[in-house]
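Could you walk me through the charged contacts, the surface charge and the annotated regions of this chain?

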Amino acid sequence: MPYKAFRTKLKLNDRQATLMAKHAGYARFVFNWGLHLWMSAYQEGLKPNVNSIKKVFTHYVKPQYPWMSELSSRVYQYAFINLGDAFKRFFKGISSYPKFKKKGHHDSFTLDNCGKPFKLSGTRHKLPFVGWVSTFEALPESWVKKVTLTRQAGDWYMSFFVEITPEITPKYRERIGVDLGINNWATCSDGTQFSNPKAYKAATKKLARLQRHLSRKVKGSKNWAKCLLKVQKLHQRVANIRRDTIHKITTFLAKNHSQVVIEDLNVSGMLKNHCLAGSIADASFYEFRRQLGYKAERYGSKLIIADRFYPSSQLCSNCGYRQKMPLVRRTFECPNCGLKIDRDLNASRNLEKSPGSDDYTCGRGAADSPGRSKK
């Protein structure tokens, strides 16, 4: 059964914000302590594990700090779970060796109701141990087992997930090809185009000015903290604009089309082009593919990934004639049949009828396999 994640901003008073910060500091302290003990034990030739480290903390370390009894005990339980997951990912080769957490960098903690589901609904919610908190937007009635609270750019956010049943929506087109680009984020084979807001490019000058101001402040001072918060809020605004645009496009495609065909882009290879790396990173091609993947499953459609070596931009969508198409040429002119068409629209039509397409698999990323880069 698919899941749906929610993330919403909390409306907190000073007492609640202080309590949140204390719990985040508690989780950070436990994670760092456990990581330090793990590294020390390994250097001594032992084979540490999370359960043994957790027992040492519970029986010998926690009684030495009375302030820990004033906070939720579930916080340090999840801190050790996160530490164990970090080492599992490291041993599997998925991520690098776990690093120590820093204050003010991704402050977060997780709460639950000792295994019992609790209800979230409307704009007022009662969280375990924390008590009543308010949100800016109303949430649908949901029974959840745990929530994660995260601080970002000075604000606190609550995130959780619930199980949902697939929502099969009526489809207005059987199959559609989608070509991803920089100027137009997505060009569909039916002629529909979605422009790219280029949020990062629009904020570049203001961001550079704020960062110059930040570099002139004394690190750790109050003025430095105020300026840092302005930089963080601007970065968050850019990310929110990008995320909102991608959500709207992918939802439209998944809801209204039975089959959506996109190309398998080598994003990591594309980023090596230093002239376009900033624009490519701002376009978030992998995030577009990720969202389209789970939304296709949710709305009863199918995401198809065309072969990476399929020359969608080099083929004529009318007669199939193939020719070289450097990036500077934005119009496809076919010398065989005389077709004159926009480059991206021609590529999307080729993707719609591309042969040998493969079904989308959730475990395969856009940069996981070698191949060609963006045309």
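Which salt bridge do the side chains of Arg290 and Glu287 meet in, and what is its N to O distance? Their side chains meet in a salt bridge of 2.8 Å, N to O, where a salt bridge is a side-chain nitrogen of Lys or Arg within 4 Å of a carboxyl oxygen of Asp or Glu.

Before going on, a word on the ground rules: this is a predicted model, in which local features need pLDDT of at least 70 and side-chain atom pairs count only at pLDDT 80 or more, while totals for chains, interfaces and linings use all residues. Residues are numbered from 1 along each chain as its sequence is written, and side-chain values use heavy atoms, with hydrogens and water left out.

**Salt bridges**

Arg290 and Glu287 are three residues apart in helix 9 (residues 285–298), so about one helical turn separates them. Helices here are DSSP runs of H or I with at least four residues, strands are runs of E with at least two, and both are numbered from the N terminus. Arg290 is partly exposed because its relative accessibility is 35%, and Glu287 is partly exposed too, at 25%. For these classes, buried means under 20% relative accessible area, exposed means over 50%, and partly exposed lies in between (1.4 Å probe, protein chains only). Salt bridges with shared partners also join Lys9, Asp155 and Lys233 into one network.

The count by this rule comes to 13 salt bridges. Among them are these three:

| Pair | Closest N and O atoms |
|---|---|
| Asp107 and Arg28 | 3.3 Å |
| Asp264 and Arg308 | 3.1 Å |

Asp107 forms its salt bridge with Arg28.

Asp264 forms a salt bridge with Arg308. Asp264 sits in the loop between strand 10 (257–263) and helix 7 (267–270), and Arg308 in the loop between strand 11 (302–306) and strand 12 (331–333), so the pair ties together parts 44 residues apart in sequence. Asp264 and Arg308 are both buried.

His106 is not a glycine, yet its phi is positive, about 55 degrees. His106 belongs to the loop between helix 3 (73–91) and strand 2 (108–112), and is exposed at 72% relative accessible area. Cys114 also has a positive phi, near 55 degrees. The loop between strand 2 and strand 3 (118–127) holds Cys114, which is exposed at 61%.

**Helix 5**

Leu207 is in helix 5 and is buried, with a relative accessible area of 6%. Thr169 and Leu207 are 38 residues apart in sequence and 41 Å apart in space, C-alpha to C-alpha. Arg212 lies in helix 5 as well, and its relative accessibility of 43% makes it partly exposed.

**Annotated regions**

An unreviewed UniProt entry lists residues 3–47 as "domain: Transposase putative helix-turn-helix". That span is 67% helix and 20% strand, with its end C-alpha atoms 36 Å apart. UniProt also lists residues 285–351 as "domain: Cas12f1-like TNB" (unreviewed entry). Over residues 285–351 the chain is 34% helix and 16% strand, and the end C-alpha atoms are 16 Å apart. The UniProt positions use the numbering given here, feature names are shortened, and annotations may be inferred rather than shown by experiment.
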